[in-house]
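Please examine the sequence and the structure shown below.

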Amino acid sequence: MNKLRSMPRVDDVLSLVQAEQKTQNISYAELLNCVRETLDKTRKDVLSGKLEQVPPIKEIVREVVRMAVKQCSGSLRPVINATGVVLHTNLGRAVLAEAAAENVKQVARQYNTLEYDLEAGERGSRHSHVEKLICKLTGAEAAMAVNNNAAAVMLMLASICKDKEVVVSRGELVEIGGSFRVPEIMSMSGATLKEIGTTNKTHADDYRKAINENTAALLKVHTSNFKIVGFSQSIGIEELSQIGKETGVPVLYDVGSGLMVDNALVNIADELCVKECIKGGADVVCFSADKLLGGPQAGILAGKKEYIDKMKKNQFARVVRIDKLNLAALESTLRIYLDEERAFKEIPTLANLAVSKSDLRIKATKLQSMLPERKKDFTSVIKAAESQVGGGSAPGELLPSFAVQITPVSISAAEMEKRLREYETPIICRIRQDKVLLDPRTIFENQFEEIAKAFNEIF
Ligand SMILES: *Cc1c(COP(=O)(O)O)cnc(C)c1O
């Protein structure tokens with residue numbers, strides 16, 4: 001038992017832990033718990049022989065601090081996205097604009113006009129906050145927002161196509177992220193899928209032949225996460241809308257990403273802007289608000305008033321309704337779009353996509369210059385790289401970029417990636433050929449200092 005004589009006292013460890021800067025926001029009770037747990041474990045390890053002797057108090061304090069920070073840092077928390085994937089589905093998709101985040105905070109902390117009409121002094125509609133904005137920005141007659149785009153598709157089908165047939169090209173029967181499959185959503189909504197064409201080719205005549213008295217709609221689905229290349233053909237929204245008009249059948253379009261500006265402005269070739277889809281004659285379009293639109297999680301439906309009204313009245317609308325915090329963020333984000341120049345400055349998704357290669361090189365150089373000089377641990381160079389749009393947008397398209405390429409010396413690339421990921425502010429990055437890449441496209445300049453700090457502390 002002699003071995004345990006040098007075991008420090010709880011109070012001594014605790015006061016040293018409390019003096020550390022990293023524990024300033026952690027409660028006394030939580031710190032005390034961590035001290036007890038650490039001392040208990042140390043005692044057990046010494047008795048079992050796993051530890052030869054009690055470690056110095058400094059080491060015990062460090063272990064307690066690490067444990068406390070880890071336990072108190074929450075599960076859903078911010079990370080630094082150094083992957084260059086602009087809409088990273090696992091990292092929360094779009095980052096909100098400052099004005100949108102601020103509006104969320106205001107609305108969250110006070111009573112608000114969610115369903116209250118200030119002019120009339122009576123009950124108002126939740127839809128009123130964004131409908132006019134969406135109409136103005138897309139050219140649609142009417143609009144509404146729901147929980148997400150999967151819900152929007154479901155509500156659209158349930159309201160317009162229940163117990164009837166919906167014609168869809170076999171080339172567009174997509175699965176998005178496993179839990180959203182067009183055929184399954186279709187059967188859940190009560191509509192019957194009528195597949196036409198083949199995987200690689202669907203012609204205008206295939207649509208015409210499929211229409212009968214039981215047809216409720218023609219549905220077009222954007223193939224968000226894959227691309228059919230080579231011998232392939234599908235028909236565009238204008239031609240499809242023409243068939244819809246001739247036959248009196250509504251045309252519905254799940255455009256997926258919700259791009260609100262001309263695609264050339266964001267360096268993407270394959271995504272159609274929502275306005276073009278409405279102009280092309282679609283009766284209803286639906287899209288996500290947290291993909292290329294750059295807003296909060298939401299699904300937007302826009303189009304002819306008779307169909308939007310049907311959806312607003314459907315019982316299912318209540319099940320998939322948007323909550324006040326997302327609505328607050330959505331309204332602010334859409335408002336920014338009224339001034340396109342402002343949108344490119346303030347909406348991070350647009351800014352990150354539109355940034356020029358030369359600006360990325362400058363950004364990469366700045367980040368590199370801030371990293372500590374530790375030649376024994378790692379070296380760095382600026383290298384041409386490619387970033388991705390991500391989030392089921394522009395499949396296969398790569399955005400030319402510059403990255404800071406780190407060559408680890410004292411540890412492996414995998415170990416470096418792990419230590420950065422487990423850092424207090426987790427830094428998520430890619431490995432390419434045993435080197436760690438930091439892509440400045442998705443790193444905000446105010447995060448550079450934190451990254452520099454990490455490169456000092458992880459060794
Ligand atoms: C992403 C996507 C969806 C699902 O949208 P969520 O907002 O994630 O629910 C549906 N359809 C298409 C074509 C998509 O790209």
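The structure holds zero disulfides, a disulfide being a pair of cysteine sulfur atoms within 2.5 Å. In general terms, such a link is a covalent bond between the sulfur atoms of two cysteines. This is a predicted model, in which local features need pLDDT of at least 70 and side-chain atom pairs count only at pLDDT 80 or more, while totals for chains, interfaces and linings use all residues. Residues are numbered from 1 along each chain as its sequence is written, and side-chain values use heavy atoms, with hydrogens and water left out.

The nonpolar cores come next. A nonpolar core is a set of buried Ala, Val, Leu, Ile, Met, Phe, Trp, Tyr and Cys residues joined through side-chain atoms within 4.5 Å. The largest one has 64 residues, and those with the most contacts inside it are Leu-218, Val-285, Leu-330, Leu-334 and Tyr-337. Helix H13 (residues 324-337) supplies the largest share of this core, seven residues; helices (H or I, at least four residues) and strands (E, at least two) are DSSP runs, numbered from the N terminus. Another core, of 33 residues, lies apart from it and includes Val-153, Met-186, Ala-191 and Ala-217.

Leu-334 touches Val-130, Leu-133, Ile-134, Leu-137, Met-260 and Leu-293, leaving aside residues up to four places away in sequence, where contact means heavy atoms within 4.5 Å. With the same exclusion, Val-10 touches Leu-32, Val-35 and Leu-39. Val-10 belongs to helix H1 (residues 10-19) and is partly exposed, with a relative accessible area of 27%. Between Val-10 and Leu-39 the C-alpha to C-alpha distance is 7.8 Å, although 29 residues separate them in sequence.

Rings of Phe, Tyr and Trp (its six-membered ring) pair if their centres lie within 6.5 Å, and planes under 30 degrees apart count as stacked, over 60 as edge-to-face and the rest as tilted. By this rule the count comes to two aromatic pairs, as tabulated here.

| Pair | Class | Centre to centre | Between planes |
|---|---|---|---|
| Phe-378 and Phe-455 | tilted | 5.0 Å | 55° |
| Phe-378 and Phe-459 | stacked | 5.8 Å | 15° |

Phe-378 lies in strand S14 and Phe-459 in the segment after H18, so their pair ties together parts that are 81 residues apart in sequence. Phe-455, in helix H18 (residues 448-457), is 77 residues from Phe-378. Phe-378 and Phe-455 are both buried, whereas Phe-459 counts as partly exposed at 27% relative accessibility. Ring pairs link Phe-378, Phe-455 and Phe-459 into a cluster.

Across the chain, the secondary structure comes to 18 helices and 18 strands. Of its 459 residues, 49% count as buried, and the C-alpha atoms fill a box of roughly 90 × 55 × 45 Å, taken along the principal axes. Among contacts between residues at least 6 apart in sequence, 75% join residues at least 24 apart.

Key: Buried means under 20% relative accessible area, exposed over 50%, partly exposed in between (1.4 Å probe, protein chains only).
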